[in-house]
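Visitor: I am new to this structure and would like to learn how to read it. Could you take me through it feature by feature?

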Number of protein chains: 2
Amino acid sequence: MATFELDPRLEADTFPLADLPLCRALLMNDARYPWVVLVPRVASVSEVFELSQEEQAQLWQEATQLGAAMKEAFQGDKLNIATLGNVVSQLHIHLVVRYTDDASWPAPVWGNGTPKPYELAQQGERREQLLAQIEGLSL
Amino acid sequence: MATFELDPRLEADTFPLADLPLCRALLMNDARYPWVVLVPRVASVSEVFELSQEEQAQLWQEATQLGAAMKEAFQGDKLNIATLGNVVSQLHIHLVVRYTDDASWPAPVWGNGTPKPYELAQQGERREQLLAQIEGLSL
């Protein structure tokens, strides 16, 4: 049986945060937005509907609850939830807190402008904020 | 109690398909992609987490099942599922069947190029295909 391995491109573009019951939570290395990527720790899956019914329900719960917590913690104007996978085929869900004055508003964030890598202190701070949010979830 | 009314911009950009148990299914008037928009028939909601737990589960079920059926029926390469809402705040979920040779691949479809409105016959045909898919769902 194949084991879960994080796609190398997702690994290169993110910092690890924590493992939820189903998904690995990753911080996208783009300081322009509070942006988390959830990756179900299941081998060889690229579409949500390839997961079992239970896994699908868990995935959407994790995405919705963490997204809600992020929008509140970062006082965003809108939450974007999306699973595209046109570039990286390993199933992953984007949770992006948006602001009406952010770098891409109202356009989607993908492929828009140039990612702004975190400085070390800034990354640590955002990571701590997100870990506090994750700890508060009831999953 | 407020009643559900479809946002005028969503109404202008789509053709009605059918009502699922929770959502109104709309065909996006852009022939470049098989593209359905699901709108929960609930008043004044702009984020998934503002729905009840039961509604959230139903919404994701409808999106995942219809998306799976669409990807198969239209023999797509990837399914994109997204709720953005940066332009139209009424909660709505995009289901877009993507092809590696489509007009925007691998970029997201939103704001990319110019929508190609359906011709009448083409719209009728796609509508029939989608209604057949919707009838086959177990929701």
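Guide: We will go through the symmetry, the interface, the sheet and the helices in turn. Keep in mind that this is a predicted model.

Visitor: How are chain A and chain B related by rotation and shift?

Guide: Two copies of a chain are related by a rotation about an axis and a shift along it. Here a rotation of 180 degrees with 0.0 Å of shift along its axis places chain A on chain B, with an RMSD of 0.0 Å. That is the relation of a two-fold axis. The C-alpha of chain A nearest the axis belongs to A:Ala82, 2.0 Å from it. Both copies use the same surface, since 100% of the contact residues of chain A recur in chain B.

Visitor: How many residues of each chain are in contact?

Guide: On chain A 26 residues are in contact with 26 residues of chain B. Helix H2 (53–73) and strand E4 (78–83) of chain A each supply at least two residues of the side that touches chain B. By class, that side of chain A has 15 nonpolar, eight polar and three charged residues.

Visitor: In which sense do E4(A) and strand E4 of chain B pair?

Guide: E4(A) and strand E4 (residues 78–83) of chain B pair in the antiparallel sense, over three bridges. A:Thr83, for example, has B:Ile81 in E4(B) as its bridge partner.

Visitor: What is the order of the strands in the sheet?

Guide: The order is E1(A)-E2(A)-E3(A)-E5(A)-E4(A)-E4(B)-E5(B)-E3(B)-E2(B)-E1(B), an open sheet of ten strands with antiparallel pairing. Strand E1 (14–19) of chain A and strand E1 (14–19) of chain B stand at the edges with a single partner strand each, so one side of each has no neighbour in the sheet. On average, neighbouring strands of this sheet are turned by 20 degrees against each other, direction ignored.

Visitor: Which way do the side chains of a strand point?

Guide: In a regular strand the side chains alternate between the two faces of the sheet. Take strand E3 (residues 35–40) of chain B, where six of six residues are buried. B:Trp35, B:Val37 and B:Val39 point one way from E3(B), while B:Val36, B:Leu38 and B:Pro40 point the other way.

Visitor: Which strands pair with E3(B)?

Guide: Strand E2 (residues 23–28) of chain B pairs with E3(B) in the antiparallel sense over five bridges, and the two form a hairpin with six residues between them. Strand E5 (residues 93–98) of chain B also pairs with E3(B) in the antiparallel sense, over four bridges. B:Leu38 shows both pairings: B:Ala25 has B:Leu38 as its bridge partner in E3(B), and the partner of B:Leu38 in E5(B) is B:Ile93.

Visitor: What does H2(A) pack against?

Guide: The buried residues of H2(A) include A:Leu59, A:Trp60, A:Leu66 and A:Met70. The buried residues of this helix pack against strands E2 (23–28), E3 (35–40), E4 and E5 (93–98) and helix H3 (120–135) of chain A, together with helix H2 (53–73) of chain B. H3(A) lies across E1, E2 and E3 of chain A, at about 25 degrees to E1(A).

Visitor: What span should the 21 residues of H2(A) have?

Guide: At 1.5 Å a residue they should span 30 Å, and the end C-alpha atoms are 30 Å apart, which agrees. Just after H2(A), A:Gln75 takes a positive phi of about 50 degrees.

Definitions and conventions. Residues numbered from 1 in each chain as written. Chains lettered and ligands numbered in written order. Predicted model: local features only at pLDDT ≥ 70, side-chain atom pairs only at ≥ 80, totals over all residues. Contact = placed C-beta atoms within 7 Å. Nonpolar A, V, L, I, M, F, W, Y, C, P; charged D, E, K, R; others polar. Pairing = 2+ DSSP bridges. Least-squares fit on C-alpha atoms with pLDDT ≥ 70 in both. Expected span 1.5 Å × (residues − 1). Buried ≥ 20, exposed ≤ 12 C-beta atoms within 10 Å, placed from the backbone. Axes fitted to C-alpha atoms, helices over the stretch in contact; angles between N-to-C directions.
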